[in-house]
Amino acid sequence: MLKIIAGALALVSFAFLAHAEPLKVAISQRGFWDSSFVEFAEAAGFFKEAGLEVEPFYTDGGAATLTTVLSGSADVGLSNGLLGVIGAYVKGAPVRVISAQMTGAGELYWYARAESGIRSLKDAAGKTIAFSSPGSSSNLILLALLRQAQVSAKTLAAGGAPATLTQVMTGQIDVGWAAAPFGLQNILEGQIVAIARTSDVPQLANQTIRVNIANTESLKTKRSTIERFMRVYARAIDWAYQDPRAVEIFARNMKLALPIARKAVDEFYPKAGLQIGEIKGLDLTLKDALDYKYIPAPKTEQDIAGLFEILYRPDVK
């Protein structure tokens with residue numbers, strides 16, 4: 001009897017997986033802690049349990065991810081700067097915000113070569129300073145840092161963190177951007193020095209900087225699938241802060257010593273910043289969008305309410 005039951009369960013499982021719904025997911029910046037939750041979910045078997053077949057691929061930043069989602073090449077885009085998404089939405093782009101992704105973005109920092117003599121943003125006046133891509137979180141935060149420091153500099157979209165480091169070390173860019181733990185080993189070895197962090201602008205601590213998005217057509221045809229994906233995504237975040245395997249995977253992907261990987265997670269990625277259920281500080285973001293010319297005229301939260309379709313709020317059962 002037990003063999004019959006086991007065989008029946010195996011057949012049910014096979015049939016369930018055979019009908020797993022594929023979902024194409026674009027992810028900004030491979031290897032960062034907060035871009036690793038799809039990998040964690042896969043490693044823990046959460047997608048299999050949910051009957052989901054996820055096809056992830058990675059981009060160099062939020063702008064590339066947003067473009068991929070808008071074109072329909074991806075159903076879902078993870079880790080997109082909210083500024084760029086708002087700018088696209090007011091132009092009529094087929095995009096919706098389905099969750100918050102990062103509040104505060106405390107993992108981002110800016111650095112210079114040790115021999116450059118640059119030790120602060122004041123020292124970088126008139127020099128070239130990198131961010132990843134237009135509309136990204138690094139773009140917003142850099143503009144806020146420069147405004148607070150009252151520094152005028154030439155900002156450049158340099159792409160991903162590895163490409164940016166190469167450009168800094170070869171003298172093509174004066175100041176680079178990165179997200180911990182990328183570059184921490186270089187700092188320890190004295191090759192580069194950190195000159196600014198997101199935490200230098202206190203108002204950003206309670207502002208949703210990055211969001212997860214979906215193509216509007218995908219939401220029409222795959223809504224229940226995308227909702228299940230977000231439930232797994234939330235589960236993967238919880239798992240990552242409970243199971244040591246997550247940091248081990250992270251360290252392996254980033255080619256880091258395990259202690260450095262743990263230090264990065266403990267010091268730069270508070271779990272509270274990864275809440276997905278609430279868009280915080282939207283009034284501040286809309287002001288930034290106007291100030292930095294992502295929108296042509298002032299908008300209220302009501303004006304852009306249609307942008308937001310939060311599919312899953314973990315605190316609401």
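Guide: What follows is a set of questions and answers about this predicted model.

Visitor: Why are helix 5 and helix 12 called roughly perpendicular to each other?
Guide: Helix 5, residues 82-90, and helix 12, residues 282-291, pack at an angle of about 70 degrees, with their axes 10 Å apart. Angles of 65 to 115 degrees count as roughly perpendicular, and therefore the two helices are given that description.

Visitor: What makes helix 2 roughly perpendicular to helix 9?
Guide: Here the angle between helix 2, residues 37-44, and helix 9, residues 216-240, is about 85 degrees, and their axes lie 9 Å apart. Since the range for roughly perpendicular runs from 65 to 115 degrees, helix 2 and helix 9 are described in that way. Helix 2 contributes Phe37, Val38, Phe40, Ala41 and Ala44 to the contact, while the residues from helix 9 include Phe229, Tyr233 and Trp239. By class, this contact of helix 2 with helix 9 has 12 nonpolar, no polar and no charged residues.

Visitor: How do you know which side of helix 7 its buried residues are on?
Guide: In helix 7, residues 161-169, the residues Ala161, Thr164, Leu165 and Val168 are buried. They cover an arc of only 100 degrees around the axis, which puts them on the same side of helix 7. The buried residues of helix 7 pack against several elements, among them strand 5 (108-113), strand 8 (175-179) and helix 8 (184-188). Helix 7 is followed by glycine 171, whose phi is positive, near 80 degrees.

Visitor: Is glutamate 107 buried or exposed, and how do you know?
Guide: Glutamate 107 has a relative accessible area of 1%, and buried means under 20%, so glutamate 107 counts as buried. Glutamate 107 is found in the loop between strand 4 (95-103) and strand 5.

Visitor: What is glutamate 107 in contact with, if its neighbours within four places in sequence are left aside?
Guide: With those neighbours left aside, glutamate 107 is in contact with Met102, Ala178, Ala179, Ala180, Arg210, Phe268 and Tyr269. Glutamate 107 and phenylalanine 182, for their part, are 75 residues apart in sequence and 9.7 Å apart in space, C-alpha to C-alpha.

Definitions and conventions:
Residues are numbered from 1 along each chain as its sequence is written. This is a predicted model: local features need pLDDT of at least 70, side-chain atom pairs count only at pLDDT 80 or more; totals for chains, interfaces and linings use all residues. Side-chain values use heavy atoms; hydrogens and water are left out. Axes are lines fitted to C-alpha atoms, for helices over the stretch in contact, and angles run from 0 to 180 degrees between N-to-C directions. Helices (H or I, at least four residues) and strands (E, at least two) are DSSP runs, numbered from the N terminus. Angles under 35 degrees count as roughly parallel, over 145 as roughly antiparallel, 65 to 115 as roughly perpendicular and the rest as oblique. Buried means under 20% relative accessible area, exposed over 50%, partly exposed in between (1.4 Å probe, protein chains only). The arc is that of the directions from the helix axis to the C-beta atoms. Contact means heavy atoms within 4.5 Å. Ala, Val, Leu, Ile, Met, Phe, Trp, Tyr, Cys and Pro count as nonpolar, Asp, Glu, Lys and Arg as charged, and the others, Gly among them, as polar.
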